[in-house]
Amino acid sequence: DLLLMVDPGQLTAKTAYAIDQYALSGKPVIVFADPYSEVLPRGRDGFNDNPSYVALLKSWGLEVEADKVIGDIDNSRQVQFMNQGQPVVVNYVTWLALGQRSFERTDAIFSQISSVMMASAGALKPVEPSGLSVQPLIASSARSSTIEANKLRNPNPITLLQSYLPEGGQRILAARVRGEATSSFADGKPEASGFTGEHKSN
């Protein structure tokens with residue numbers, strides 16, 4: 001009834017095609033597209049080296065900067081950090097505590113949700129023209145910024161805060177996509193995939 005994609009790892013053509021056809025059949029898909037993962041082993045980020053994942057997302061009308069995360073001074077979460085042997089409390093600009101002002105309040109999905117936590121989130125960008133409707137659901141503040149993901153390898157919240165520069169403009173952190181998508185398999189079913197299906201659907 002529902003496909004949930006959370007760091008699927010390297011997708012074979014067979015698996016990517018099955019996901020593609022599932023989505024094009026009109027069934028719901030929830031995708032977590034992380035430009036930087038804080039839980040995967042170092043050097044194995046879930047999005048950077050996964051072209052099939054990127055292609056699927058693009059065919060659904062969205063893209064993510066693979067090497068950037070979002071910092072947001074207005075929604076940053078306070079953390080305790082050891083600095084020169086002393087504990088200090090500092091705003092960690094890439095860990096976000098998002099309240100109702102960040103939500104699309106007219107959407108029923110937020111009727112029972114008052115806050116959402118995000119760590120090292122990426123920004124979604126609509127692909128134009130895609131023919132799909134992209135409705136932002138969660139957005140950063142207007143004082144957000146993009147930060148190189150490699151700065152989180154050995155993060156120093158104090159340094160990130162001191163070097164923080166707002167870039168202006170909100171970033172889309174979560175969105176709902178509707179409409180007629182086009183298959184990411186322009187040439188049809190990959191050979192020996194063992195799957196059949198059409199290439200367009202609502």
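Q: Thanks! I clicked on arginine 143: is it buried or exposed, or partly exposed?
A: Arginine 143 counts as partly exposed, at 42% relative accessibility. Buried means under 20% relative accessible area, exposed means over 50%, and partly exposed is in between, using a 1.4 Å probe and protein chains only.

Q: Before I go on, what kind of model is this, and how are residues numbered?
A: This is a predicted model, where local features need pLDDT of at least 70 and side-chain atom pairs count only at pLDDT 80 or more, while totals for chains, interfaces and linings use all residues. Residues are numbered from 1 along each chain as its sequence is written, and side-chain values use heavy atoms, leaving out hydrogens and water.

Q: Back to arginine 143, then. Which side chain does it meet in a salt bridge?
A: Arginine 143 meets aspartate 74, at 2.5 Å from N to O. A salt bridge here is a side-chain nitrogen of Lys or Arg within 4 Å of a carboxyl oxygen of Asp or Glu. Aspartate 74 sits in the loop between strand 4 (68-72) and strand 5 (76-83), and arginine 143 in the loop between strand 9 (132-139) and strand 10 (144-148), so the bridge ties together parts 69 residues apart in sequence. Aspartate 74 is partly exposed too, with a relative accessible area of 32%.

Q: How do you decide what's a strand or a helix?
A: They are DSSP runs numbered from the N terminus: helices are H or I with at least four residues, and strands are E with at least two.

Q: Why would such side chains pair at all?
A: Side chains of opposite charge can pair when their charged atoms come close.

Q: How many salt bridges does the whole structure hold?
A: The search finds six. One of them joins arginine 176 and aspartate 107, at 2.4 Å from N to O. Arginine 176 is in strand 11 (residues 172-179) and aspartate 107 is in the loop between strand 6 (86-98) and strand 7, so this pair also ties together parts 69 residues apart in sequence. Aspartate 107 is buried at 12% relative accessibility, whereas arginine 176 is partly exposed at 22%.

Q: Which residues are linked in a network of salt bridges?
A: Glu65, Lys68, Lys125 and Glu148. Within that group, glutamate 65 bridges to lysine 125, with their closest N and O atoms 3.6 Å apart. That pair links distant parts of the chain, 60 residues apart: glutamate 65 is in the loop between strand 3 and strand 4, and lysine 125 is in strand 8 (residues 124-126).

Q: Changing topic: what about the largest nonpolar core?
A: That core has 19 residues, and those with the most contacts inside it are Leu11, Ile19, Leu56, Leu57 and Trp60. Such a core is a set of buried Ala, Val, Leu, Ile, Met, Phe, Trp, Tyr and Cys residues joined through side-chain atoms within 4.5 Å. Helix 1 (13-24), helix 2 (51-59) and strand 3 (62-64) each give two or more residues to the core. The largest share, five residues, comes from helix 1.

Q: And isoleucine 19, what is it in contact with?
A: Leaving aside neighbours within four places in sequence, isoleucine 19 is in contact with Leu3, Met5, Leu11, Leu56 and Trp60. Contact means heavy atoms within 4.5 Å.

Q: How many aromatic pairs are there?
A: There are three. Tyrosine 17 and phenylalanine 185 form an edge-to-face pair, 5.2 Å centre to centre with 90° between the planes. Rings of Phe, Tyr and Trp (its six-membered ring) pair if their centres lie within 6.5 Å; planes under 30 degrees apart count as stacked, over 60 as edge-to-face and the rest as tilted. Tyrosine 17 lies in helix 1 and phenylalanine 185 in the loop between strand 12 (181-182) and strand 13 (200-201), so this pair ties together parts 168 residues apart in sequence.

Q: Are those two buried or exposed?
A: Both are buried: tyrosine 17 is at 1% relative accessibility and phenylalanine 185 is at 17%.

Q: Last one: where is methionine 117, and what does it touch?
A: Methionine 117 lies in strand 7 (residues 116-119). Not counting residues up to four places away in sequence, methionine 117 touches Arg77, Leu96 and Ala97.
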